[in-house]
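Please keep the viewer open as you read.

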Amino acid sequence: MPAQNMEELVSLCKRRGFIFQGSEIYGGLQGFYDYGPLGVELKNNIKAAWWRANVYERDDMEGLDASIIMHRDVLRHSGHEATFSDPMVDNKKSKKRYRLDHLVKEQKTDVQAKVAEAMGQSLDNFPALVQSLVQNPALASAALIASGVRDSFSGEVGDWTEPKPFNMMFKTTIGPTADEDSYGYLRPETAQGIFVNFKNVVDATSRRLPFGIAQIGKAFRNEITPRNFIFRVRELEQMEIEFFCVPGTDEDWHAHWLEKRLAWWEAQGVPRSRIEILDVPPEDLAHYSKRTYDLMYDYPTLGFEEIEGVANRSDYDLGSHTKSQSELGLVASVSENSDSIAKLTIPHPETNKPVVPFIIEPSAGVDRALLAVMSEAFTRETLANGSERIVLRLRPHLAPIKVAVIPLARNREEITSVAKAIKAELQALGLGRVLYEDSGNIGKAYRRHDEVGTPFCVTADFDTVGLGGEGKESDPALLNTVTVRDRDTLQQVRVPISELSAWIRSRLVYSV
Ligand code: GAP
């Protein structure tokens, strides 16, 4: 059974060193999180599993790592400067600022109904209601006040301003000057780095359609109200594929990628039964999208929320980066020469005529993936002896620590030296982190490793090295063997040290 609520996940993350609040010792920075010793391992393992499935195991993909800060004109041509905004509204009384749709959604149903009525809308079509609030700011302000919309912070009825759009891109200046020409943006999606390198990759690899480019990297969004732990953050990480195909084949590729992505989630322990596919209604589509499937995962406390979008971006992006500013209808350029210097076309595989490909884009957030994977793995169970344990049943390839090697007596050099040699041998298998652990109390060590999802604990004891101990003779049959404890079954088996590497490898190697 997955985690029951977000609090138990947040608590585990902090307690065991997965995730910390960003800039915590200065009071924290909202919407920013730091991944601790175990969080960084889990995150790296998720990204490695994604890269393996989407790049190494396919022959129609290339990888890329583009820069985070981008030329302002990339984001002008992409449409983000004009449209990448959320509607915000301020409470003049509390001086708090809210994302309009979130604020209305948080109200009691009767208040929501009053807002809808005042706007001449139905509550059944929430996106249309939000749209009407944005499009009629003066009426919206009056409707919010008259309907008794409460401030989520103070709990009191607010004195609401007219809603207005808030662009979510982080702007920065590049170099020592601060004039208009020196602006750049922190990318709001990794995708743009792929589009602007389309021609470079095609020229360098001689790829023909269909093929894809994959990238994992940071993206930045100045969310109005970051919330729900790492679910909505201002600095996020994305795993994105831009798959380029011949126009007309896009719908088949869209279906292909939807299936592939669902299978990938299943292999990470996030089953299809816990994901709903939302065929995004036309009025909710992003400015570039012809059609999008949102994969909605059933997060604890939050309910069904987007974990990944699989979009058909048509020829919008490569088309936009190919068109001149006047063709795009952009206002006068900030720089003299801001049109793209490349024509982002590729020969049609049959006619050889230049064509702007269509793009299918599966785009998943690493932070949301981590939250889902942890939530699915989180198990609270009562053991036969009546005690309770928390165990993180992570798929072995995702576990932050693969094996903990524990000497039963930490001050017996005969035992610790064998345990250290075992750690070195298992580490050399290259399966991920193997931890030598001599904290003293074996019971506590097992509990800790259950909680962080370590699949196996290997214990070297007195019998391993032929010593009697704890009032009994050494058992010669156990010489040069160790105990291996299985996280999930709690079974303990005795394995000869000479066979241990093969034993562990066969159970841990990535097999999806
Ligand atoms: N290139 C397409 C794109 O960026 P998106 O739906 O805005 O599409 C894709 O974002 C994924 O990125 C989402 O499904 C989600 O997993 C993740 N994501 C987006 N905004 C996020 C945020 N503020 N915090 C955490 N993850 C976010």
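Let's start at the ligand, where a polar side-chain atom of Glu240 sits 2.5 Å from a ligand nitrogen atom. That is a polar contact, meaning a pair of N or O atoms within 3.5 Å; within protein, one must be able to donate a hydrogen and the other to accept it, and residues adjacent in sequence count only if both atoms are side-chain atoms. Bear in mind that this is a predicted model, in which local features need pLDDT of at least 70 and side-chain atom pairs count only at pLDDT 80 or more, while totals for chains, interfaces and linings use all residues. Residues are numbered from 1 along each chain as its sequence is written, and side-chain values use heavy atoms, with hydrogens and water left out.

**The ligand site**

| Residue | Protein atom | Ligand atom | Distance |
|---|---|---|---|
| Val233 | backbone N or O | nitrogen | 2.9 Å |
| Glu240 | polar side-chain atom | nitrogen | 2.5 Å |
| Glu306 | polar side-chain atom | oxygen | 2.6 Å |

Taken alone, the ligand exposes 560 Å², and the protein buries 91% of that; these accessible areas come from the Shrake-Rupley method with a 1.4 Å probe, and for residues only the protein chains shown count as cover. Which of them gives the most to the shell? E14 does, with five residues. Helices (H or I, at least four residues) and strands (E, at least two) are DSSP runs, numbered from the N terminus.

There are 20 residues around the ligand, and Glu189, Arg221, Glu240, Glu306 and Glu361 come nearest; a residue is near a molecule or strand if one of its heavy atoms lies within 4 Å of it. By class, the shell holds 10 charged, six nonpolar and four polar residues. Here Ala, Val, Leu, Ile, Met, Phe, Trp, Tyr, Cys and Pro count as nonpolar, Asp, Glu, Lys and Arg as charged, and the others, Gly among them, as polar.

Two strands pair if DSSP finds at least two bridges between them. Axes are lines fitted to C-alpha atoms, for helices over the stretch in contact, and angles run from 0 to 180 degrees between N-to-C directions.

Three bridges join E8 to strand E9 (residues 183–186): Lys171 stands opposite Tyr185, and Thr173 opposite Tyr183. Three bridges also join E4 to E9, where Ile69 has Leu186 as its bridge partner.

Another open, antiparallel sheet runs in the order E6-E5-E7. Strands E6 (97–99) and E7 (164–167) each have a single partner strand, so one side of each is left without a neighbour in the sheet. Neighbouring strands here are turned by 50° against each other on average, direction ignored. Four bridges join strand E5 (residues 85–90) to E7, and Asp86 stands opposite Phe166 in E7.

**Salt bridges**

How many salt bridges does a search of the whole structure find? The search finds 41, each being a side-chain nitrogen of Lys or Arg within 4 Å of a carboxyl oxygen of Asp or Glu. One of them joins Glu451 and Arg15 (3.0 Å, N to O). Glu451 lies in helix H16 (residues 442–452) and Arg15 in helix H1 (residues 6–15), so the pair ties together parts that are 436 residues apart in sequence.
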